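Here's a quick briefing to read alongside the structure. Have a look at the chain first, then work through the points below.

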Amino acid sequence: MVRVETPLSYIAKRWTPSVKTAKRAALSAVVMSVFIIITGGAVRLTGSGLGCDTWPKCTDDSLFATPEQGLHGAIEFGNRMLTYVLSAAVGWAIIAARALKPRRRGLTRLAWSQFWLVMGNAVIGGITVWAGLNPWSVAGHFLLANCLLTVAVITWVRIDEGDGVRRPRAPRPVRQLSWAVVATTVVLIALGTTVTGSGKHAGDSSDVPRMPWDWSAAAHVHAIAAWVVCVLAVAMWFALRVVDAPVDTRARARDLLVVLVAQGVIGYVQYFNDVPEILVGLHMFGSALLLIAVLRLQLSMRERPAADAGLPAPAAGDLPEHAAAR
């Protein structure tokens, strides 16, 4: 039986990237995932959500934006073109992950899942245009972009790790607290879409439908969730110091607190100043940084040695020796 060689396997046979190169490839996908979130927000904040009349074309007769569509058409079409840049970054991450030696199938699957998330979100973006910027599809578009960012960050972190059994770097209660931070952050980001979906930045100057509740009430619920995340993050920072967790894990908790403080200041300033577009855009950028900080903290709760390291897995809930943890 003749085995057909795929383009990826052909490249993998002839090129072995360094871990540093693979890390850069994965980081490019993270950066572009953040950038596409920001530019997607810019489309909405400039009222360009319907700058292109339809999808996948920009008009019924043209793939590209036309002069008649003006600046809004150029902004919306430009954001669509950035999807190709994002796809290129994800493609580089896939090739680098596949070409690493020894072959790491789990890492390659993570990289490939980014591609399918990009494709899925492109379809949801098209549905959003067809639906006239329905706020529910807009929220789904944003949340799926955050799913892409999540997988991109995990891939980026996993390149530095092995594929052996996970080894905890903090006691079980602290690890459970870190999962609570993740869960409440997910709720916080989801609640943010209810503020956007009922607020004034609908994405177009026409009569775009909004979510059926008061924007101010949604903002207050979102703020409560933010305070819950802050309390848990502070508790996490103290807990890691009490258990003398590894230095890098404590640094991740500190980074999270810095992002939360900055994000909170931006959030309150924009609320009391009638949500100006520039601050909303910064808040969206802060949301992406918050997700990255939370994920890096969670992933630092464990380590994974190389699969052939022969290291025994500790009993569930045990804290490894400090020498091993560090």
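A salt bridge here is a side-chain nitrogen of Lys or Arg within 4 Å of a carboxyl oxygen of Asp or Glu. By that rule, the count comes to 12 salt bridges. Keep in mind that this is a predicted model.

**Salt bridges around Asp163**

- Arg104 pairs with Asp163 in a salt bridge, with the closest N and O atoms 3.1 Å apart.
- Why call this a pair that ties parts together? Arg104 lies in the loop between α3 and α4 (105-130), while Asp163 is in the loop between α5 (135-158) and β1 (167-168), so the pair ties together parts that are 59 residues apart in sequence.
- Arg104 has 9% relative accessibility, and buried means under 20%, so Arg104 counts as buried.
- Asp163 is partly exposed, at a relative accessible area of 31%.
- Asp163 also meets Arg158 in a salt bridge, at 2.7 Å from N to O.
- Arg158 counts as buried too, with 7% relative accessibility.
- Zooming out, a network of salt bridges links Arg104, Arg158, Glu161, Asp163 and Arg302.

**A link between two strands**

- Glu303 and Arg167 bring their side chains together in a salt bridge, at 3.6 Å from N to O.
- This pair links distant parts of the chain: Glu303 sits in strand β2 (residues 302-303) and Arg167 in strand β1, 136 residues apart.
- Arg167 counts as buried, at 13% relative accessibility.

**Cysteines**

- How many disulfides does a search of the whole structure find? It finds 1.
- That disulfide is formed by Cys52 and Cys58, whose sulfur atoms are 2.0 Å apart.
- The link of Cys52 and Cys58 is left-handed, with -80° about the S-S bond.
- Are Cys52 and Cys58 buried or exposed? Both are buried.
- Cys147, for its part, is partly exposed, with a relative accessible area of 38%.

**Nonpolar surface patch**

- Which residues make the nonpolar surface patch of about 370 Å²? Tyr10, Ile11, Trp15 and Trp92 do.
- Trp92 belongs to helix α3 (residues 70-99).
- Trp92 has a relative accessible area of 37%, so it's partly exposed.

Conventions. Residues are numbered from 1 along each chain as its sequence is written. This is a predicted model: local features need pLDDT of at least 70, side-chain atom pairs count only at pLDDT 80 or more; totals for chains, interfaces and linings use all residues. Side-chain values use heavy atoms; hydrogens and water are left out. Patches are made of residues with over 30% relative accessible area and no salt bridge: like charges are joined within 9 Å, nonpolar side chains (Val, Leu, Ile, Met, Phe, Trp, Tyr) within 5 Å. Accessible areas come from the Shrake-Rupley method with a 1.4 Å probe; for residues, only the protein chains shown count as cover. Helices (H or I, at least four residues) and strands (E, at least two) are DSSP runs, numbered from the N terminus. Buried means under 20% relative accessible area, exposed over 50%, partly exposed in between (1.4 Å probe, protein chains only). A disulfide is a pair of cysteine sulfur atoms within 2.5 Å.
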